[in-house]
Amino acid sequence: MKKKKWLERFKLRGKSVMIPMVILMILTALVPMLLQAMISRRAFNQTQLEAKGIEIQNQCLILSSRLMRSGYMTSDKGNTMELDTRMQTIADIYNGRIVIVNSSFKIMKDTFNLAAGKYYVSEEVIRCFNGETNSRMNQEMGYLTQTIPIHSASDKKKVTGVMVVMASTENISALTDRVQGSTQLFLLCMILVVVVCSMAAVFFLIRPFKRLLASFERVSYGDLDTDIMEDAYKETIQLSQAVQKSLRKLKAVDQSRQEFVSNVSHELKTPITSIRVLADSLMSMEEVPAELYREFMADISDEVDRENQIITDLLTLVKMDKSAQSQMNITQTNINEELELILKRLRPIAKRSNVELILESIREVTGDVDRVKFSLAVSNLVENAIKYNVDSGWVRVTLDADHKYFYIRVADSGIGIPQDCMDHIFERFFRVDKARSREVGGTGLGLAITLNVIQMHHGIIDAESTPGEGTTFSVRIPLNYVSRQEDKS
């Protein structure tokens, strides 16, 4: 039960990056050391064997030369006791055995005194009679075998016998094992050193990230002014800058939300205040004339309409914010016909303002749009161009397209927008000329709604304006609508 709770707690907290980093550093240090230890052991063992083989070969060559000079292999050999003693001594020194084989493959001398008089026929012996010196190592049995030719004293090219030397390699194995034991002790000490050093190194490497995490914790509690700059590494600098950028956006959003709430409160309160003033004025007057009464009621009706328009626009914005992509009713639409319908509905307003509406369609365009939302966005642009125009002015709507996008430009000959206001025209409730906006019935939400609609279609909108000369809004929307879910898949 305790084990399950510990596992659940571990899963909830997640796996620390320190663990794989420590493991990686340990493996990076230890794997080469272990490989080096294995290679060194084999190299040491092989070197010892080769050295012992050379030593035995030298001793046996000297012995072979003495046997040749003494005529040991001939029938008329003299006193051989000294040579036999020498052979026995060499065999004892190397903890091995020496066998002398004559040209008939008969054993003449065996330091073990076990096979004298018997025959010894093997591939090594046969090859040695042909003048070859052979050496062979038997790892399983733990001995080294060498065959040395014994030449004739009269004809040094003639091989009259073979000396077979078998030497034990147990002492080399024991020495190798002792060296390996020392190496293992050294490796164990190095493992402890590497583990401690790796943990310390990872701790110091991770410490700047822990400080960043502490800063993020303070931000999560609402302290958006926390200094989270950590310049220990390039990565921490990039993380700090990215988070600071996000915090600046959060602050801007929070400030925008506060301003929006304040603006909504003000905008909704203004018509109500006007209605209250008008109503109080009517109630305070006795025997009000019918004409004045109708005038006041008309003003109250206008304020009610204005309040209703503000609420309608607010509900439109809220609905768009909530629906996002989920309620987009995309259909393939003839954009030329849609623009003609929009301008047809707005011509009476333009006529009252003495403004000429012009539609220029460079080519036939068919695109994927939500007709209702698209119509609302374009209508807002054209209606604003009419409202903030000059007498006998014009509004020109231009449609063009390429293989990927279609483009709509709404240009007017109106009063224009000051440059210091261009960055704010798409903000909610922002109005350049509040007095004129109130006169023409603007709520300050039209361009915010238009921007929202264009973005929902994955398009962009831009504005250029020169005060006193006019304004141009440029819209670019993809011909083929692709939802964000399809983009991800």
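Predicted model: local features only at pLDDT ≥ 70, side-chain atom pairs only at ≥ 80, totals over all residues.
A residue counts as buried under 20% relative accessible area, as exposed over 50%, and as partly exposed in between; arginine 136, at 37% relative accessibility, is therefore partly exposed.

- Strand β3 (residues 134–138) runs antiparallel to β4 and is joined to it by 5 bridges, with arginine 136 having threonine 145 as its bridge partner in β4.
- The two strands β3 and β4 form a hairpin with 4 residues between them, and glycine 142 in the turn has a positive phi of about 75°.
- Strand β4 also pairs with strand β5 (residues 159–168) in the antiparallel sense over 9 bridges, where glutamine 146 stands opposite valine 165.
- Because 7 of the 9 residues of β4 (residues 143–151) are buried, this strand is largely enclosed by the rest of the structure.

**Salt bridges**
- Arginine 136 forms a salt bridge with glutamate 124, their closest N and O atoms being 3.2 Å apart, and the pair links strand β3 with helix α4 (residues 123–129).
- Aspartate 400 forms a salt bridge with arginine 363, with the closest N and O atoms 2.7 Å apart; aspartate 400 lies in strand β9 and arginine 363 in the loop between β7 and β8, so the pair ties together parts that are 37 residues apart in sequence.
- Glu123, Arg127 and Glu132 are linked in a network of salt bridges.

**Surface charge**

Conventions
Residues numbered from 1 in each chain as written. Heavy atoms only, no water. Buried < 20%, exposed > 50% of the residue type's maximum accessible area, 1.4 Å probe, protein only. Pairing = 2+ DSSP bridges. Salt bridge = Lys/Arg side-chain N within 4 Å of Asp/Glu carboxyl O.
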